[in-house]
Number of protein chains: 4
Amino acid sequence: MIKQTKGRVLGRPKSKDKTAPTNEVILQAATRLFFENGFQKVSVDDIAKAAGMTKATVYYYFDTKAILFTETIVSLMRRIRERIVQILSPDKPLYDRLFDVTIAHLQATTSIDLEGFMRESRSSLSEEQIQEMRMAEEEMYKSIEEAFLTAIEAGEIPAINAKFAAHSYIALVKVGNYKQSDGTTFFQSVEETAKNIMDVFWRGFFGK
Amino acid sequence: MIKQTKGRVLGRPKSKDKTAPTNEVILQAATRLFFENGFQKVSVDDIAKAAGMTKATVYYYFDTKAILFTETIVSLMRRIRERIVQILSPDKPLYDRLFDVTIAHLQATTSIDLEGFMRESRSSLSEEQIQEMRMAEEEMYKSIEEAFLTAIEAGEIPAINAKFAAHSYIALVKVGNYKQSDGTTFFQSVEETAKNIMDVFWRGFFGK
Amino acid sequence: MIKQTKGRVLGRPKSKDKTAPTNEVILQAATRLFFENGFQKVSVDDIAKAAGMTKATVYYYFDTKAILFTETIVSLMRRIRERIVQILSPDKPLYDRLFDVTIAHLQATTSIDLEGFMRESRSSLSEEQIQEMRMAEEEMYKSIEEAFLTAIEAGEIPAINAKFAAHSYIALVKVGNYKQSDGTTFFQSVEETAKNIMDVFWRGFFGK
Amino acid sequence: MIKQTKGRVLGRPKSKDKTAPTNEVILQAATRLFFENGFQKVSVDDIAKAAGMTKATVYYYFDTKAILFTETIVSLMRRIRERIVQILSPDKPLYDRLFDVTIAHLQATTSIDLEGFMRESRSSLSEEQIQEMRMAEEEMYKSIEEAFLTAIEAGEIPAINAKFAAHSYIALVKVGNYKQSDGTTFFQSVEETAKNIMDVFWRGFFGK
DNA sequence: GATGAATGAGGTTTCATTCAT
DNA sequence: CATGAATGAAACCTCATTCAT
């Protein structure tokens, strides 16, 4: 208890090499770890180590673990949304553009599923943080919803409940990512999977 | 004079006096807590308190938290499977029977989503435990798959990839449970939701 | 992060020897440490080590450090109060009984001063905890106040503001405990100190 | 053309422009915070923020927290001492001058009590720092002691132990600052309080 | 069967201090 | 002068697990 501070060597270490901004490095490490192991299981220390720095440095950039987590999710959702918007932008039939999105997601590693994260982190996050994540998620869905609405207005497809369609579409894409207990998938190739998903979805909502 | 201790009748108590066996009580409490807060966030003490006993008692019945969790999940999956099988058994058109399953799930409180649970508990469970949970999940899916296979054999519906259809079906039902950030759902009533889901699914897989 | 629990040797260690009840042992150690170093400076670990056990054991008995601190103070105040009551009870002139109390306190090691403790712990304690401590302190003062009131009623001393007198008395006794920077005290012996304090107090309140 | 950067006049700013020197600003903030929350509870960051600057700047002026604390206390004691000396200097009877000091202290917000500070900071300060604080405290007491000695020499009051009297006097004044748990004080007004304290003190040391 | 007592390990957060700019 | 960035150390508290009764 009685500890007189004796000249320790603390403080910022001497170094010169410029790298990526520290907070980006942290977010990157955090994203990977949180998505692999969930909110509770990943410690701030884990993130710090993965980012090549000290716990205290992580806390210098993000006041709490909950904030770091929220920003991680929000930033990821934003990236996904941007990717979707980009893939949906070309001047092609909606079917073809959706097909491209499907392929892209079947190839991506990270699932988009917020549900599980919400459950395990809910009690550790503030109401605002939960709202923030939820909104980012909805923005992501909205990017697809809007493609439907535009196509409806343009007369390309019949009128449907666009929000429900967007969620249904993502749900089906996630089915495509499912791996059974023996490790096999429903179809042989990504293309075949995408084809089947698109068929079910398209027929389901627009008939033939 | 015959003295009765604390007004308790002598002899073996009649079955009415009996409360549920302790391990069932634990499983019940555990199910609720795990589903509300996830694996990591729920402590064995939480479960014990919710079950009205001490931690040590829980450990008397379940050797580790991981085992308790696994049994919780497996037992839940089994219950869901049984429920599905039961609803699917009457001698009615497949569409009608599936419709009933849909209604039942839209009314149920617990989501069936294992994904989130797997992520956050994976590193705390043994390989066998993970397998056990996965198998229970697949059994659940299989109960639907088999309804498809039987209907195909009977010529009631055209041949499809039954496993993929089962997963797609559950995925769409889960969409029906989605609540947006403002608390609203896609449709007004459970019936309307079920109708829309069934329409998309049925058209998607069997055309008209 | 990925840490599979491998048969560690935890839990209650095997032992047989009966000693004092654990919570008493903790309170004792805590009292000493808190009084030597103050609330903030003493860590729960320090207390645990001083009490010959683990931090976790301390937390098993006292939910938070603030609670432990509060109980420590309250129990100490109670002990002091009891001591005072006891010394004040014999059938002797008030002057003589107060003299005895003075002697007792000049010989005691612990100061009765709550002020400093309040300041440094205030922001860490709940409103109720602060009240609890304050009340225990007032009870202590009241034990002296009552001696005055009784003596006034009995006509042994003239009427005075008993509460003010009690606080003044304790304040003067604390002066007697003061050690100057060179380590010396105002008077040579405890008796001489007590005599001077009592003279000033008695004359100050009752004239001759 | 002469360009003036950001509308600032050239040359050394007139004294009106000058704000208080930075180290004074720090000391001021530190004084307030330390007195409200004690040594341990106040972080250097708290002080920096309260002073409107960064932690590093505080460290530019004060090498360690312990040094800053010591200077804070010493400077405060010095200020109190000066105030006392000033109030005691007029050519009036000692009783009247002491009465003025009493009033001044009852109105002041900061208690003079070093005891609590010593306890909680002792183990963090060097021996010299503790000595420095103690000496500043004694200087403060000495300012009163000397008033007694002068009055004794002048034959205004009988011979007494002046050091003991000075401490007793301060102790009684502190009693006047005491607030009970219900927030009330012993007397209605500051004047009434001062009158009672002075009466007890004066009678106690000089009889009638 | 059931429980009270105990503990090792670890998790989140704070903080005094340092250094390069 | 002043500051942003970084860190080692430690503090509070939680928890899965064990053992004697």
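**Close-ups of a predicted model**

**View 1. Chain A from end to end.** Chain A is built from 9 helices and 0 strands (helices are DSSP runs of H or I with at least four residues, strands are runs of E with at least two, and both are numbered from the N terminus). Read from the N terminus, the order is α-α-α-α-α-α-α-α-α. The radius of gyration of chain A is 22 Å, well over the 17 Å that the globule rule gives for 208 residues, so the chain is more spread out than a compact globule. That radius is taken over C-alpha atoms, and the rule is 2.2 Å times the number of residues to the power 0.38. Along the principal axes, the C-alpha trace of chain A spans about 80 × 40 × 40 Å.

This is a predicted model, where local features need pLDDT of at least 70 and side-chain atom pairs count only at pLDDT 80 or more, while totals for chains, interfaces and linings use all residues. Residues are numbered from 1 along each chain as its sequence is written, chains are lettered from A and ligands numbered from 1 in the order written, and side-chain values use heavy atoms, leaving out hydrogens and water.

**View 2. Glu145(A) in its helix.** Look for Glu145(A) in helix H7 (residues 127–153) of chain A. Glu145(A) counts as buried because its relative accessibility is 12% (buried is under 20% relative accessible area, exposed over 50%, partly exposed in between, with a 1.4 Å probe and protein chains only). Skipping neighbours within four places in sequence, Glu145(A) is in contact with Ala162(A), Lys163(A) and Ala166(A); contact means heavy atoms within 4.5 Å. Now find Tyr169(A): it is 24 residues from Glu145(A) in sequence, and 9.9 Å away in space, C-alpha to C-alpha.

**View 3. Where chain D meets chain C.** Here 43 residues from chain D and 42 residues from chain C make the contact. Between them, about 3700 Å² is buried, with carbon and sulfur atoms giving 57%; buried area is the accessible area (1.4 Å probe) that two parts lose on being put together, summed over both. On the chain D side, Arg119(D), Phe164(D) and Tyr178(D) lose the most area to chain C, together 19% of what that side buries.

**View 4. Gln180(D) in a loop.** Gln180(D) sits in the loop between helix H8 (162–177) and helix H9 (190–206) of chain D. With 11% relative accessibility, Gln180(D) counts as buried. Not counting residues up to four places away in sequence, Gln180(D) touches Thr185(D) and Phe186(D), plus Glu138(C) and Lys163(C).
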